[in-house]
Every structure is written in structure tokens, then in C-alpha cells.
Amino acid sequence: MVVEPDVDECEALCAALRDESFEVHSAADEHRGFEMLCDHRPDLIVTTCAQHLDGVAFTRRVRQDPSVEAVPIILVMNKEGMQDVIHALDAGADDFVSRPFNMPELMARIRVKLARPRCPPGPWPATDEPAS
């Protein structure tokens, strides 16, 4: 799923994902994105921090909902500094890409996220084995 208010960038992201054989849903704002997220349960979300979209707030909202909290999120934003990266990751983003971004690199990051098995939410299972 792509949550992106800029029509041209949204179309480019969706086209690139379709070229990789992904089924894609898109939304232009956080509210519609969250509705769509709950309706479609995507395997991954690409969202942005832009003038009309707060991807960090959207990410926090997703992470607070137990029904969708495990969906990986890649945040695309204008990198102002390391603090922005930390802010995005602390909000729950799984990955961060700064603008201007390279579409093949973003597609590679998406493939990596989708290839890894997801851990169930909650604490790690207890074991009797000491940590090494």
C-alpha cells in the first residue's frame, strides 16, 4: 500500500510496484490510508512525510492498532538530519528512505522486507537457554 498525497509520486510508486508484480492500493492522506489499511491488510506500507502528510504520525497510529501493528512500514521523507531518521524509526518505521530516492533501491528494500518472516507481536518467548 502507498500513502502519498502527491499524485505524480504516488503514480510512480504504484507503477514501480506493479512492475514488480505487486498488487497495489493507494491513498492520498492518512485518514483514507488507515481505512484502506484496515480493509485490505497490505503486506507492506510505503508512506511519506510531506507538506500534507505526516508519515510519522501515520506510522505511530498503525503501530498502536493491534490488528495491523506488524505490517512493515517504509517511510520516505526529506532528510533534514539524523534526528529525522531517529524520529521516524522511533515512531515504528521499519526502514527509511530519503528524497530524492532511487526507485530501484526502494524496490530492493521492499523485496527484502517482504522476504523476511514477520515476528508475532509481543514479548519474545522465554527459553531456559542462556544468551550467548
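Analyst: One definition comes first: a helix here is a DSSP run of H or I with at least four residues, and helices are numbered from the N terminus. F34 is placed in such a run, helix α2. The model is a predicted one.

User: What makes F34 count as buried or exposed?

Analyst: Buried means under 20% relative accessible area. F34 has 9% relative accessibility, so F34 counts as buried. Leaving aside neighbours within four places in sequence, F34 is in contact with F58, R61, V62, D65 and V68.

User: Which other residues of α2 are buried?

Analyst: Helix α2 covers residues 30–40, and its buried residues are G33, F34, M36 and L37.

User: How do you know on which side of α2 they are?

Analyst: The arc they cover around the axis is only 165°, which puts them on the same side of α2. H31 and D39 are exposed on the other side of α2. The cover over the buried residues of α2 includes β1, β2, β3 and α3 (55–63).

User: What makes D29 a cap of α2?

Analyst: A polar contact needs N or O atoms within 3.5 Å. A side-chain oxygen of D29 lies 3.1 Å from the backbone nitrogen of H31, and D29 caps the N-terminal end of α2.

User: Why is R41 called partly exposed?

Analyst: The partly exposed class lies between the buried limit of 20% and the exposed limit of 50%. R41 has 43% relative accessibility, so R41 counts as partly exposed.

User: Where is S21, and what is its phi?

Analyst: S21 is in the loop between α1 (7–19) and β2. Its phi is near 75°, a positive value in a residue other than glycine.

User: Why is S21 called exposed?

Analyst: Exposed means over 50% relative accessible area. The value for S21 is 69%, so S21 is exposed.

User: What is the order of the strands in the sheet?

Analyst: The sheet is open, has five strands in the order β2-β1-β3-β4-β5, and its pairing is parallel. β2 (26–27) and β5 (95–99) each have a single partner strand, so they stand at the edges, with one side of each left without a neighbour in the sheet.

User: How do you know that β1 pairs with β2?

Analyst: Two strands pair if there are at least two bridges between them. β1 (residues 2–3) and β2 have two bridges, in the parallel sense. V2 stands opposite S26 in β2.

User: What are the pairings of β3?

Analyst: Two bridges join β3 to β1, and the two strands run parallel. In that pairing, V3 has T47 as its bridge partner in β3. β3 and β4 pair over five bridges, also in the parallel sense. T47 has L75 as its bridge partner in β4.

User: What makes β3 mostly covered?

Analyst: Five of the five residues of β3 are buried. Side chains in a regular strand alternate between the two faces of the sheet. In β3, I45, T47 and C49 are buried on one side, and V46 and T48 are buried on the other, which leaves both faces covered.

User: Why does K113 count as buried?

Analyst: The limit is under 20%, and K113 is at 19% relative accessibility, so K113 counts as buried. K113 belongs to helix α5. Not counting residues up to four places away in sequence, K113 touches L44, I74, D94 and D95.

User: What makes the peptide bond between R99 and P100 cis or trans?

Analyst: Omega is about -10°, and the bond is cis. Most peptide bonds are trans. P100 is in the loop between β5 and α5.

User: How many helices and strands does the protein have, and how much of it is buried?

Analyst: There are five helices and five strands. From the N terminus on, the elements run β-α-β-α-β-α-β-α-β-α. Of the 132 residues, 39% count as buried.

Terms used
Residues numbered from 1 in each chain as written. Predicted model: local features only at pLDDT ≥ 70, side-chain atom pairs only at ≥ 80, totals over all residues. Heavy atoms only, no water. Buried < 20%, exposed > 50% of the residue type's maximum accessible area, 1.4 Å probe, protein only. Arc of directions from axis to C-beta. Contact = heavy atoms within 4.5 Å. Polar contact = N/O pair within 3.5 Å; in protein donor to acceptor, adjacent residues only side chain to side chain.
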